[in-house]
Amino acid sequence: MKKIVVLVSGNGSNLQSIIDACQQNRINGRIAAVFSNNADAYGLQRAEQADIPAYFINPKAYGDRTSYDIALFKAIDQYDPDLVVLAGYMRILSPEFVQHYYGRLLNIHPSLLPKYPGLHTHRKAIENGDKEHGTSIHFVTEELDGGPIILQAKVPIFARDKEEDVIERVQTQEHSIYPLVIGWFLDQRLAMEGNTAIMDGKVLPPQGYASE
């Protein structure tokens, strides 16, 4: 069975959606381990509750980002993962880490990339008067939130929405599409070649599968 390693920094709601999908056989694979840079991440508890090995690796124990990331990928490699999944992992990855898992490293970002890379995406969308917002799943490259997009999901923004309303709407979509994309990869329908995403042998358009 294919093996997944998940990296989290916080609540881990996307991790939970992946755990559920594996348990329900919607993903032809299993989560081998979960790692976090945050000792208090609830995602670690979610993993332990599902009998998944869960580890905190303290960034303060390392002199710089590169040495931390090398220690992290050496720990991950003990599980020989077919895929490494970022699920709310809030550290910028070093080029060494990205290259080590190049082509088998996925991230989910809460915006319709290339719009709003980085933090506070929901707030920015509201403040700019956007009528729609969403989430993007992409392969990870050395460019922050800049790798080839695989799939996006859009949600409306209504006039009286608060940030929490938009977050909830986006997360509902994330919990649906992230397990789907992970399943595509593990079923060998999805790959990255060069700086493009390939689905069922065809190059995906810039905004990913099923884009308008």
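Predicted model: local features only at pLDDT ≥ 70, side-chain atom pairs only at ≥ 80, totals over all residues.
Residues are numbered from 1 along each chain as its sequence is written, and side-chain values rest on heavy atoms, with hydrogens and water left out.

Helices and strands are given here as DSSP runs numbered from the N terminus, a helix being a run of H or I of at least four residues and a strand a run of E of at least two. Strands E8, E9 and E10 form an open sheet in the order E8-E9-E10, with antiparallel pairing; two strands are taken to pair if DSSP finds at least two bridges between them. Strand E8 (190–193) and strand E10 (202–203) stand at the edges with a single partner strand each, so one side of each is left without a neighbour in the sheet. Strand E9, which spans residues 196–199, pairs with E10 in the antiparallel sense over two bridges, and Ile198 stands opposite Val203 of E10.

The whole structure contains five salt bridges, a salt bridge being defined as a side-chain nitrogen of Lys or Arg within 4 Å of a carboxyl oxygen of Asp or Glu. In general, side chains of opposite charge can pair when their charged atoms come close. For accessibility, buried means under 20% relative accessible area, exposed means over 50%, and partly exposed covers the values in between (1.4 Å probe, protein chains only). On this scale Asp200 is partly exposed at 44%, and Arg189 is likewise partly exposed at 33%.

A further salt bridge is found between Lys115 and Asp130, at 3.3 Å from N to O. Lys115 belongs to the loop between strand E5 (105–109) and helix H5 (121–127), and Asp130 to the loop between H5 and strand E6 (132–139), so that the pair links distant parts of the chain, 15 residues apart. Lys115 is partly exposed, with a relative accessible area of 41%, whereas Asp130 counts as buried at 13%. Arg123 and Glu163 also form a salt bridge, with their closest N and O atoms 3.5 Å apart; it connects helix H5, which holds Arg123, with helix H6 (residues 163–186), which holds Glu163, across 40 residues. Both partners are partly exposed, Arg123 at 36% relative accessibility and Glu163 at 23%.

Helix H1 (residues 13–23) is mostly covered, as eight of its 11 residues are buried. These are Ser13, Asn14, Leu15, Ser17, Ile18, Ile19, Ala21 and Cys22. The buried residues of H1 pack against strand E1 (2–8), strand E2 (29–36), helix H2 (42–49), strand E4 (83–86), E5 and H6, where contact means heavy atoms within 4.5 Å. Just after the helix, Asn25 adopts a positive phi of about 60°. Within helix H6 lies Leu180, which is partly exposed with a relative accessible area of 41%. The C-alpha atoms of Leu180 and Ala21 are separated by 8.7 Å, although the two residues are 159 residues apart along the chain.
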